[in-house]
Amino acid sequence: MAASMAMTLGVLTPAISVVSSIEGLKVQSNDLNHRIMVALAGVLLLSLFVLQYQGTHKVAFIFSPVVLLWLLSIAALGVYNIMHWNPRIYEALSPIYIYRFFRLTGIDGLISLGGALLCITGNMPLCYMLIFSGIIIFSKPNAFLTAGIDILFTEVGQFSASSIRVAFCFFVYPCLVLQYMGQAAFLSKNFSAISLSFYASVPDAVFWPVLVIAILATVVVSQAVLSATFSTVKQCHALGCFPRVKIVHKSKWIDRQIYVPEINWILMVLCSAVTLGSQDTTRIGNAYGIASMTLIFITTSLISLSIYFVWHKGLALALSFFILFGSIELTFLFSSYIRILQGGWVPLLLSSIFLFTMFVWHYGSRKKYLYDQNHKLPMKWILTLGSDLGIVRVPGIGLIYTHLANGVPATFSHFLTNLPAFYQIIVFVCDKTVPVPFVPQKERYLVGRIGPKSYRMYRCIVQNGYKDVNENENEYDFENALIMSIAEFIQLEAEGGGSGTPDGGSIGGRLAVVKSSENFGKRFGISKSNGFEGTSSSSLNITSSKSATLLKLKMMYDEQESPEVKFKTRVQLTLVDTRYKDSFVKEEVMRLMEAKKFGVAYVIGHSNSKAKWNSPFLKRFLINIVYSFLRKNCRAPSIALSIPQTSLIEVGMNYTL
């Protein structure tokens, strides 16, 4: 739900920010038609969305100067208005005024907080400081002043916590407080100008420069919101909670900057509709306030759970955190939801659509995964076919994509029963997103063997963090890294005590974390220690692995393999030279290299999902209609996985869920 609200903010923030900045033209021309302002805002927004594909690397260097200039400008304007209109406005910082306000107004005062919400949404630390101040009661909300602050936290991994604290406490916060104090000072003498208090308080001599800076600042804010929305969609997609989309990243772009074409055009249409359909910024502000406060409250609730369940800090601290911050947020949440009929229904409608889409996609994908898990091919059946699998093995490498991290998918049986030939080297590739932001390159590939060595069948789990971006320019980078990882695995397996005969090896051997290298097979370090008893096999551990989550996942994959396999030797890497001491190992590696020269084919399933005929009506509606519609209208799996079309083989598969 929070992710859905974040996507909704991707629609509302550009609209309200741009419209609010252009609204200043009314100060210079009272006869300016609202439609003209909306048209100008629409042109600016359309230009912003159209230029997304080009990336921001060429103009990103001006973003920081624009924001700095904007903050310094509003701080200077605040100081000017304080000195010119009401130097005693600093007394409004006293909490006594907010107490008197609520004592006089009662419930109406709480409701009025929704009108001041835009002063602090996207900037909750400022909210907690200003909630005890009378300034927010007298200031006209200006969304574009603070709308972009929360975007900094969306990609908080790009910055250190200390840099955010220092920048906010010693620069952003003082500038905003000075600006709001200046507006309050201006309104204390010019209350009739409350509808456009910010631009009305700007001296005529600097009005046009301030307007230009404001428009530029809103463009930066809008760009930041769009980038954050793309990142949110990408992470939801990586975790299986969003339909397949195309993730575009170019090496010349800023690190981890991505572009999602489908989401960009959807946001453009929705943002244009909100901008053109709004009569004034008040309705967009009401919608923005509901989306922001809902997102903030959900975040606070989840952090409270994390304090207790993840960080193990104790129940008292978790409850204290929720009561302290949640009570303040609930007050603003209550005051904002009262305005549902005044435009507040827009974020609820949009977030409901996003939420329903994400739920149905996750539900259908999970059902398909469970179907694959329950219909895996038994290993004994594959072993009875012999090393040639009952078909002709032709030169080349076949990469069979599957969602299964263990076992052989049922799709593979279609080849064995319907095709007279298949590739000499078979690799089952599982593209897995793990619950960590980034996976180091040296821990990305988990390689294992399926069946005896003579079968030439391998498994490779490609681990990606939910924030990882594929920066490979072409498919050859991935192919080379994959082949080199398998070659390293073959060498390490032999050095680790695996059988040197063609029929040796494990039936469901454990996976090894393999670091791909251009000089594979030349320098490895090994030291043996006794492990499990039983048949000969190998279990390879890289001592450089630092992620506890990745190690747990590897152990989980190992435990889900064939229970018939027991292990004898555990190998850890040290630093010594090794050569091709085993002729069978040399032969296997050479065959792998020869197969690579003949080409690599990508095999992926083309599925058709249907619910069982006796399933409940709701399940049949979700699977047969909604999920089927999403699957047919989203990106193909080959596009989402960046698989070259010239090397693609699709296999039909019917799912009865």
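**Group meeting: helical spans, cores and cysteines**

Over residues 206-226 the chain is 95% helix and 0% strand, with 30 Å between the end C-alpha atoms. Helices here are DSSP runs of H or I, at least four residues, and strands are runs of E, at least two, numbered from the N terminus. This is a predicted model, where local features need pLDDT of at least 70, side-chain atom pairs count only at pLDDT 80 or more, and totals for chains, interfaces and linings use all residues. Residues are numbered from 1 along each chain as its sequence is written, and side-chain values use heavy atoms, leaving out hydrogens and water.

Residues 166-186 are 100% helix and 0% strand, and their end C-alpha atoms lie 30 Å apart. The unreviewed UniProt entry lists both spans as "transmembrane region", among them also 34-53 and 60-83; such annotations may be inferred rather than shown by experiment.

Next, the cores. A nonpolar core is a set of buried Ala, Val, Leu, Ile, Met, Phe, Trp, Tyr and Cys residues joined through side-chain atoms within 4.5 Å. Buried means under 20% relative accessible area, exposed over 50%, partly exposed in between, with a 1.4 Å probe and protein chains only. The largest core has 63 residues, and Trp70, Phe230 and Phe242 have the most contacts inside it. Apart from that core lies another, of 28 residues, including Val429 and Cys460.

What about cysteines? Cys271 counts as buried because its relative accessibility is 0%, and Cys175 does so at 6%. The disulfide count is 0, taking a disulfide as a pair of cysteine sulfur atoms within 2.5 Å.

Last, Met379 sits in helix 18, residues 379-384.
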